[in-house]
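Reader: Show me the model first, please. Then I'd like to pick at the labels and see where each one comes from.

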Amino acid sequence: MALQRRAIIVRAAAACAAATLQPWQSASAQQPWPSRTIKFVNMAPPGTAPDTYNRIYSERLAKALNAPVIIENRPGVAGNIASDVVAKAAPDGYTFLYTVSSSFTVNPWIYHKLGFDPEKDLRPVTPLLSQGAFIVANNAVPFKTVKELVDYATAHPGQLSYGTNGVGSFLHLIMELFNQSANVKMLHVPYKGTALVDVVSGQLPLCVEPSATAIPMIASGKVRAIAYSGGRRHAQLPNVPTIAETYPAVAVVGWHGIWAPAGVPNEVVQRLNAEVTRITQAADVQKLIAETGSEPMSASVDAMANMVRQEKRTWGALVKARNITIE
């Protein structure tokens, strides 16, 4: 009888242990993560900055984790398509999202039919790099400084046009914050991509452009730099003032990060955070990031979550105040 009771207890304990296996363990309890191909769903098309940076990290992650790493590009709707794919993916530690911060800090305010909950369905893993933007103008415009731009916009309310990569984009919100701070009204012209070509040709007087693509055009003299959006002057163009030097509230940068489905175990998230941080801190990667006009960025999982919450509150207040929405 004692032996039977002991056998029953052993079987029950084994059943409980099997029931409590995490999803990332269930495929093979003997195989630590990762044991197969890891996929990053990228919010941008091939050849763009998010795709390029994702590939830089993926190549190094594959070596660090000793596992294949692939990228699936799912562009569209300001990152919402890629976010939706990952939000609905199995939380097994093999599917992650590579996107920009505005997917979580801006999109929830301006898109009312997401189909997923960014806070509940996805969890932060790690940031990678930050990037500000330049206000650039055609060389023929009559203003060269922030003050002259504001004076011109004040004298021509609603007539001075500027381009961005879309309504509700990070670039659009920079200018909305600028308009609010300077108490001016400029005309927004949304593009599906960059407006820079039309500024160079003179079809558009002004645009806001990420530093990676703006700096080469500024350096070549094809456009005039008015100001930079970051809190301090850009290292590559130290003679270009920041907007914040005139309007302190306009000191903002966007950043790239990695997210995971909400159910991915904390052990996997922390491991990926640590590996990506090591890659970011490598001298060759820091050089690559700097050369493209961005700045390396690292943070713990909790710190990244706090960044998202704080920036979401800031942009939410602006979106409401400026009545920015997309159906």
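Author: Accessibility labels first: buried means under 20% relative accessible area, exposed over 50%, and partly exposed in between, with a 1.4 Å probe and protein chains only. This is a predicted model, in which local features need pLDDT of at least 70 and side-chain atom pairs count only at pLDDT 80 or more, while totals for chains, interfaces and linings use all residues. Residues are numbered from 1 along each chain as its sequence is written, and side-chain values use heavy atoms, with hydrogens and water left out.

Reader: Which peptide bond is cis?

Author: The one from Trp33 to Pro34, with omega near -5°. Pro34 is in the loop between α2 (23-26) and β1 (38-42).

Reader: How do you know that Lys312 is buried?

Author: The relative accessible area of Lys312 is 17%, so it falls on the buried side of the cut-off. Lys312 lies in helix α14 (residues 301-322). Leaving out residues up to four places away in sequence, Lys312 touches Phe104, Thr105, Pro108, Trp109 and Glu119, where contact means heavy atoms within 4.5 Å.

Reader: Why is Tyr162 called buried?

Author: Because its relative accessible area is 0%. Tyr162 belongs to strand β6. Beyond its neighbours within four places in sequence, Tyr162 contacts a list of residues including His172, Met175, Asn179, Leu187, Val189 and Val208.

Reader: What makes the buried residues of α4 one-sided?

Author: Asn80, Ala82, Ser83, Val86 and Ala87 are the ones buried in α4 (residues 80-87). They cover an arc of only 160° around the axis, which puts them on the same side of α4. That arc is taken over the directions from the helix axis to the C-beta atoms.

Reader: Why are α12 and α13 called roughly perpendicular?

Author: Helix α12 (residues 266-281) and helix α13 (residues 283-291) pack at about 70°, with axes 5 Å apart. Angles of 65 to 115 degrees count as roughly perpendicular, under 35 as roughly parallel, over 145 as roughly antiparallel and the rest as oblique, so the pair is roughly perpendicular. The axes are lines fitted to C-alpha atoms, for helices over the stretch in contact, and angles run from 0 to 180 degrees between N-to-C directions.

Reader: Which residues meet there?

Author: Ile279, Thr280 and Gln281 from α12 meet Ala283, Val285 and Gln286 from α13.

Reader: What makes β2 and β11 edge strands?

Author: Six strands form an open, mixed sheet in the order β2-β1-β3-β10-β4-β11. Both β2 and β11 (295-296) have a single partner strand, so one side of each lacks a neighbour in the sheet. Two strands pair if DSSP finds at least two bridges between them. Four bridges join β1 to β3 (residues 95-100), running parallel, and Phe40 has Phe96 in β3 as its bridge partner. Helix α12 packs on this sheet, touching β3, β4 (122-131), β10 (254-261) and β11, and its direction makes about 10° with that of β4.

Reader: What is the strand order in the five-stranded sheet?

Author: It goes β7-β6-β8-β5-β9, open and with mixed pairing. The edges are β7 (187-190) and β9 (224-228), each pairing on one side only. The twist averages 30° from one strand to the next. Strand β5 (residues 133-137) runs antiparallel to β9 and is joined to it by four bridges; Phe134 stands opposite Tyr228 in β9. Helix α9 (residues 170-182) lies across β5, β6 (161-164), β7 and β8 (206-210), at about 145° to β6.

Definitions and conventions. Helices (H or I, at least four residues) and strands (E, at least two) are DSSP runs, numbered from the N terminus.
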